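Have a look at the model first, and then read on.

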Amino acid sequence: TPPAPPVGVGDRVEIFGLESESGKQLNGQVGNIISFVEEKGRFQIDLGHGGSHISVKPANLRHAPAAPTSDDTAAAPDGGRDEAEKE
């Protein structure tokens, strides 16, 4: 099998392989690459939590499955609504 294509700005990625205590908590998180920081050789990742962005080396990123689209939520039995919205 050919190697996976490299990740780039705009890609949806999963973080993996981090070994520091704080890094281990990020493994498995999925976010979007928003920029590449040349000086650090790292990508800035937006995890979508409304907080700050994190810097991750390209070696610790892999392509993640695409985010569900609005079409996917329409097919959900509850129409994709949260419990709080059903009242």
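Glutamate 14 and arginine 62 form a salt bridge, with their closest N and O atoms 3.3 Å apart (a side-chain nitrogen of Lys or Arg within 4 Å of a carboxyl oxygen of Asp or Glu). Because glutamate 14 lies in strand 1 and arginine 62 in strand 5, the pair ties together parts that are 48 residues apart in sequence. The model is a predicted one, where local features need pLDDT of at least 70, side-chain atom pairs count only at pLDDT 80 or more, and totals for chains, interfaces and linings use all residues. Residues are numbered from 1 along each chain as its sequence is written, and side-chain values use heavy atoms, leaving out hydrogens and water.

**Salt bridges**
- The whole structure holds two salt bridges.
- Glutamate 14 is partly exposed at 21% relative accessible area, and arginine 62 is partly exposed at 38% (buried is under 20%, exposed over 50%, partly exposed in between, with a 1.4 Å probe and protein chains only).
- Glutamate 21 and lysine 24 also meet in a salt bridge, at 3.9 Å from N to O.
- Glutamate 21 and lysine 24 are three residues apart in helix 1 (residues 21–24), so about one helical turn separates them (helices are DSSP runs of H or I, at least four residues; strands are runs of E, at least two; both are numbered from the N terminus).

**The sheet**
- Five strands make an open, antiparallel sheet in the order 4-3-2-1-5 (two strands pair if DSSP finds at least two bridges between them).
- Strand 1 (residues 12–15) is joined to strand 5 by three bridges, and isoleucine 15 has leucine 61 as its bridge partner in strand 5.
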